[in-house]
Amino acid sequence: MPLTDPPRTAPTRPIPSHTGHWLWGGTFDFQNRPAEFVLEGHERYGDIFKTRVVYGHSYFIRDPEIVNAVNVTHAKHVSKPKIVKQMWKPFLGNGLVPNDGESWKRQHKLIMPAFHKLRIDAYAPTMAEYTREMVCGWKEGEQRDFRKEVIDLALRIVAKTLFDTDVAGHSQTINDAMIDISEALIDHAQTPIPTPRWWPSERNRRMVRALDAMDDVIARLVAARRKEKKDRGDLMSHIVFATDEQGGMSEKQMRDELMTLIFAGHETTAHTLTWAWYLLAKNRDKLRKAQQEIDEKVGGRPIGVDDLRGLPYLEMCLKESLRRLPAVWIYAREAKTELHVAGYRIPKGAILAVSPLAIGRNEKYYDNPLEFRPERWTRDFERQLPRGAYVPFAAGPRVCLGKQFAMMEMRIVLGTLIQNVDINVLEGFEPDLLAELSLNPGERGMQMKVHFRNRINQPAEITTLLAKR
Ligand code: HEM
């Protein structure tokens, strides 16, 4: 695919501009109300618009052709934006998410085999077991914050499956550290001139403490694996023992990759499940359909990987959830060179912001887009959907490495929940919608009341499961 398409001499289509403040342009409009800014911008200006921000121009795109160019056809000519790398640096260092170029290629090659389908399939029993254990710890009639429950669960799953470690002992340290780090990152993302790490603010101090705690947990995991000298074939072993012509990974690179996978591997999944829970709770007819499918096909036994093929409606519910309220609601690239795509000229250095949230609201591709309608995800519908019109996991070379892992995990977890508890939101409770690093319901969480539907709540099963904890 030529970079310049059409040739530079051809007239280019004008790109509507959101002018904003005379000095700051759209910087604060975006930072103060990010999701509203993007959604309203697309409503007002169409499938592409630009605004000036402190560091240059940002282009917001939801046109599938341009989205697909950024993700796939022109992927070589875009990189992760410098500003995004700077934001991640203190936390993820040079891990896969912010990494680029040759270093990214090498790391990607080393880590990818850990996400092979057969290997992922082997994680299914752990996912089902941990979910059932979570449910067994609940009591009929009590109020719980589903978001908190599922964050703990996703963290346990990622640690056990990818690092073969039960974080039960470390989970509070990791959770607290993740909260402090996320807050510091959001702060960093929302301040045009971020404070340096050494700045003695309370938030910075907390972030440094949190990073130290995480580094300590990771260093202990690596040391234990090294001492054991055994390649268990899991991701941790890939990271600790993998070598290529350049030798093994440096200690620092190991730390960065492990931190990246812990972070990328649990927040996104947990928040997607939180929104799926909410959408099903609010759409009881869809919930009943999903319950019926599971009751008929699986009954009360634990859901296994082989059951998933027979549960298409469950998968449709997740796909629709990822369209309606995608955890990664926006991601960005920087043009390494001038791009000509779909008749538009995008200058070198421009930031290209792709919003799966805005794409999912595009009426051209999704009729009645605010409606939660899993039934729309038929094979024919997916076949006719243009490339770039559904990208909750991005696409192309930088597609989410954990996509298959996440889709399997979410089907097992959500399926187990639908099977055993009544999915609901506490009467009168409406969650907030915070467009931060991931789309989440904020501090008030997702309040629900525990009502069991069946079997897993039987005493004998609880006793066996709790005894194993
Ligand atoms: C519902 C769950 C998930 C969603 C919606 C999601 C979404 C995404 C998106 C949109 C990206 C691209 C971000 C960008 O380019 O700026 C990404 C990258 C990535 N994700 Fe996920 N993700 C999910 C779960 C996971 C899980 C479970 C793991 C690991 C266990 C994971 C690991 C990664 C990694 C390593 C990358 C960087 C890939 C690269 O650039 O080479 N993700 N994810």
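**Reading a helix, a ligand shell and a loop residue**

Q: How many residues has helix H14, and what span does helix H14 reach?
A: In this predicted model, helix H14 covers residues 312-324, 13 residues in total. From its first C-alpha to its last, H14 reaches 18 Å, close to the 18 Å expected at 1.5 Å a residue.

Q: Which residues of H14 are buried?
A: Burial is read from a count of neighbours: a residue is buried if 20 or more other C-beta atoms lie within 10 Å of its own. In H14 the buried residues are Leu 314, Met 316, Cys 317, Leu 318, Glu 320, Ser 321, Leu 322, Arg 323 and Arg 324. The cover over these buried residues includes H12, helix H13 (284-297) and H17.

Q: How many residues surround the ligand, and which are the closest?
A: The ligand is surrounded by 23 residues, the closest being Gly 265, Thr 268, Tyr 331, Cys 400 and Gly 402. Two elements give two or more residues to this shell: helix H12 (251-282) and helix H17 (403-420). H12 gives the most, with seven residues.

Q: What is the make-up of the shell around the ligand by class?
A: The shell has 15 nonpolar residues, seven polar and one charged.

Q: Where is Phe 452 found, and why does Phe 452 count as partly exposed?
A: Phe 452 is found in the loop between strand S14 (447-449) and helix H18 (459-468). Phe 452 is partly exposed because 16 other C-beta atoms lie within 10 Å.

Q: What separates the C-alpha atoms of Phe 452 and Asn 420?
A: The separation is 6.0 Å, while Phe 452 and Asn 420 are 32 residues apart along the chain.

Notes: Residues are numbered from 1 along each chain as its sequence is written. This is a predicted model: local features need pLDDT of at least 70, side-chain atom pairs count only at pLDDT 80 or more; totals for chains, interfaces and linings use all residues. A residue is near a molecule or strand if its C-beta atom, placed from the backbone, lies within 6 Å of it. Helices (H or I, at least four residues) and strands (E, at least two) are DSSP runs, numbered from the N terminus. Ala, Val, Leu, Ile, Met, Phe, Trp, Tyr, Cys and Pro count as nonpolar, Asp, Glu, Lys and Arg as charged, and the others, Gly among them, as polar. The expected span of a helix is 1.5 Å times one less than its number of residues. A residue is buried if 20 or more other C-beta atoms lie within 10 Å of its own, exposed if 12 or fewer, and partly exposed in between; C-beta atoms are placed from the backbone. Two residues are in contact if their C-beta atoms, placed from the backbone, lie within 7 Å.
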